[in-house]
Amino acid sequence: MAKEELSKTRNIGIMAHIDAGKTTTTERILFYTGITHKIGEVHDGGATMDWMEQEQERGITITSAAVTTNWNYEGVSNKINIIDTPGHVDFTVEVERSLRVLDGAVALFCAVGGVEPQSETVWRQADKYGVPRIAFVNKMDRSGANFFEVVRQVREMLGANPVPVQIPIGAEDDFEGVIDLIENKEVVWFDDQNMGSRFELRDIRESLVEEAAEWRAKLVEAVAEHDDELMERFFEDPDSITREDLLKVIRKATIAQTITPMMCGSAFKNKGVQRLLDAVIQFLPSPSDIGVINGTDPDTDEPISFEMTDEAPLAALAFKIATDPFVGRLAFMRVYSGKIDAGSYVYNMRTNKKERISRLFQMKSNKQLPRDVIGAGDICAGVGFKDIRTGDTLCGETNQIILESMTFPEPVIGIAVEPLSQKDMDKMGTALGKLAEEDPTFRVQTDEETGQTVISGMGELHLEILIDRLKREFKVECNQGRPQVNYKETITQEVELREVFKKQSGGRGKFADIQFRLGPNNTETRGLIFESTIKGGNIPKEFIPSIEKGFKEAMHNGVLAGYEVEDLSVTVFDGSFHPVDSDQLSFEIAARQGFKSACAKAKPVLLEPIMRVEVVTPEEYMGDIIGDMNKRRGQVEGMEEKNGARVVKAKVPLSEMFGYVTVLRTISSGRATSSMEFLQYAEVPRQIAMDVVAEAKGKVELL
């Protein structure tokens with residue numbers, strides 16, 4: 001894409017806590033930009049972006065949907081690629097991978113709920129990937145709406161620098177429109193059959209002139225801080241600062257992430273969405289503002305960068321894999337530099353293989369619009385990949401680059417699934433493979449002792465949706481067990497051990513002898529830290545990788561209850577070998593056996609996932625809710641007041657939280673709400689650990 005054209009492209013996401021109105025806002029955007037001629041409503045199950053049956057039934061977003069649309073701003077057509085992300089914490093991976101490929105984001109807040117737990121999570125994710133954002137306070141028409149309180153919360157709870165560029169005219173039932181502080185005008189929408197398409201820009205009414213002047217002065221002062229020339233003019237003659245001056249500096253400061261422009265409206269009542277689209281063009285970066293894409297040279301590991309132009313070498317990132325019943329496997333890609341032609345070959349840096357992209361599409365939710373070529377800075381979906389995963393870098397075979405991939409959290413909850421018939425069994429294997437390909441936080445494994453298939457995910461809702469998809473999309477009938485917690489194991493002491501593996505069965509035998517120190521890994525590097533200090537050839541160098549492989553493989557099954565061992569440090573310092581009987585397999589087996597013997601002596605302990613839980617409740621139910629938390633081994637970390645309700649924050653083991661939503665409804669007569677996200681792994685108390693081990697193994701002697 002030419003530089004001029006690139007400057008008219010925006011790749012944005014809409015992110016927020018569950019129920020802040022993300023999908024409703026996106027539906028209005030599609031309507032005003034001419035993509036749809038009828039507004040789809042979430043509560044009717046008719047939203048364009050929520051196209052999965054499960055999304056329409058539950059009124060929630062599960063997968064991030066991509067759509068390409070155009071918006072005319074000051075007579076110029078701009079292309080906007082929008083990704084509507086889920087708000088529920090179980091689908092946080094969808095937000096993570098979307099933010100990785102976006103240039104800017106719209107952070108949505110509910111005017112009543114303000115900064116909610118998942119708002120904080122997505123804000124942190126946007127910080128992690130350095131995504132500039134503007135904020136839109138939605139639901140201004142609802143009882144209890146308070147724009148200025150949300151601005152305060154964004155400053156105090158998110159540590160941001162919110163700068164209102166609009167203030168509301170009225171609130172709740174009296175919400176009419178906004179005062180645009182940059183234009184210094186009122187914007188009032190008409191409640192008629194045009195669904196908010198008609199609005200009027202007019203002089204500020206007498207009763208609001210003073211308040212508008214006060215907030216405009218605050219805006220000018222806040223913006224002037226980010227530009228020396230503007231600061232001088234602010235002190236000399238603040239009235240000389242024009243609309244163009246403000247727009248230019250707000251854009252610069254937003255892209256630098258030093259301010260967050262704050263706007264407001266009511267998407268459901270069709271108020272404020274067009275001004276939000278204008279702000280996306282005015283303040284959020286285009287690919288040309290970012291200029292270059294940084295990556296790593298695969299040969300030298302040195303940092304390299306490509307320019308975001310069609311002429312530069314190709315660099316693209318696959319950020320999502322989806323299975324479409326008509327075209328097969330769709331790989332969603334962000335093209336950073338260069339261009340991709342339909343029918344051309346690209347090089348996958350993970351597999352080191354060439355792949356042919358047979359067809360290219362731009363997406364309108366789940367509908368595909370075929371394209372012959374996709375240029376730099378654009379988002380598209382490709383078909384034809386044999387082997388592709390989320391986070392793969394695609395580039396040319398000659399100019400190679402590796403883009404920073406994405407990190408995904410480990411699943412914390414599992415459930416056993418059993419097909420009803422042999423026919424279902426065959427279908428289930430294929431279906432689970434496709435679902436695991438789509439979702440990096442979904443794991444499938446077979447329990448070695450029982451032969452059961454266990455699927456793991458981020459929470460009860462996550463697994464519920466996956467099983468629902470198995471039945472509906474893939475027509476697999478299956479039974480499911482009760483949810484199981486994904487425990488882990490670790491050791492607490494260092495031990496030294498000698499392990500000798502001998503096997504003689506006529507002819508050539510097996511022999512390996514290793515001496516090693518095994519202990520906890522207390523560094524920030526997760527997993528196995530392996531070191532060999534062997535000198536003098538007591539064990540030949542070619543056998544050392546086999547010893548490391550043996551320990552790494554053995555970590556999948558701990559000695560307590562067969563759960564994965566989280567972190568380990570191993571140093572091999574001596575040993576011996578036999579010139580005929582020793583081989584790589586012998587040393588691998590010796591390492592596996594040594595791991596079991598050493599771990600049993602190194603005081604192994606069980607670890608469980610601890611969740612961060614936040615409950616918002618009316619005052620009268622506080623005592624009962626805290627009492628229930630204590631029964632669940634919860635640690636209450638804080639209580640605060642927010643919008644007339646009390647917020648209880650606690651750390652609770654996941655094993656105690658199954659079915660909590662139902663219990664909370666009962667305790668609070670349906671008036672309290674809760675949200676939960678994974679925090680960390682922590683040691684399980686001894687008595688509970690004995691019960692877990694007994695259940696897993698049928699015995700408790702190992703403790």
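Where is the place of N352? N352 sits in the loop between β17 (345-348) and β18 (353-356), where helices (H or I, at least four residues) and strands (E, at least two) are DSSP runs numbered from the N terminus. The structure is a predicted model, in which local features need pLDDT of at least 70 and side-chain atom pairs count only at pLDDT 80 or more, while totals for chains, interfaces and linings use all residues. Residues are numbered from 1 along each chain as its sequence is written, and side-chain values use heavy atoms, with hydrogens and water left out.

Most residues other than glycine have a negative phi. N352, although not a glycine, has a positive phi of about 55°. Its relative accessibility is 49%, so N352 counts as partly exposed; buried denotes under 20% relative accessible area, exposed over 50%, and partly exposed the range in between (1.4 Å probe, protein chains only). A positive phi, of about 60°, is also found at N184, which is not a glycine. N184 belongs to the loop between β8 (177-180) and β9 (185-189), and is partly exposed because its relative accessibility is 34%.

Another loop residue, P540, is located between β32 (528-532) and α14 (544-554). With a relative accessible area of 15%, P540 is buried. P540 and G575 are separated by 35 residues in sequence and by 10.0 Å in space, C-alpha to C-alpha.

Salt bridges were identified by a side-chain nitrogen of Lys or Arg within 4 Å of a carboxyl oxygen of Asp or Glu. A search of the whole structure returns 39 of them. One of these joins R152 to E149, with the closest N and O atoms 2.6 Å apart. Both residues lie in helix α6 (residues 147-158), three residues apart, about one turn of the helix. R152 has a relative accessible area of 34% and is therefore partly exposed. In helix α7 (residues 209-224), K218 and E214 are four residues apart, again about one turn of the helix, and their side chains meet in a salt bridge at 3.5 Å, N to O. K218 is partly exposed at 40% relative accessibility, and E214 is likewise partly exposed, at 43%.

A further salt bridge connects D387 with R350, the closest N and O atoms being 3.0 Å apart.

Strands of a sheet pair through backbone hydrogen bonds, either parallel or antiparallel. Here, two strands are taken to pair if DSSP finds at least two bridges between them. Strand β1 (residues 9-15) has seven of its seven residues buried, so β1 is largely enclosed by the rest of the structure. Both faces of β1 are covered, with T9, N11, G13 and M15 buried on one side and R10, I12 and I14 buried on the other. β1 runs parallel to strand β4 (residues 104-110), to which four bridges join it. The bridge partner of I12 in β4 is G104.

An open sheet is formed by four strands in the order β7-β8-β9-β10, with antiparallel pairing. β7 (166-169) and β10 (199-202) stand at the edges, each with a single partner strand, so one side of each is left without a neighbour in the sheet. From one strand to the next, the twist averages 25°, with axes taken as lines fitted to C-alpha atoms (for helices over the stretch in contact) and angles running from 0 to 180 degrees between N-to-C directions. Four antiparallel bridges pair β9 with β10, and V187 stands opposite L201 in β10.

Helix α12 (residues 422-438) comprises 17 residues and reaches 25 Å from its first C-alpha to its last, close to the 24 Å expected at 1.5 Å a residue. The expected span is 1.5 Å times one less than the number of residues in the helix. Within α12, the buried residues include D424, M428, A431, L432, L435 and E438.
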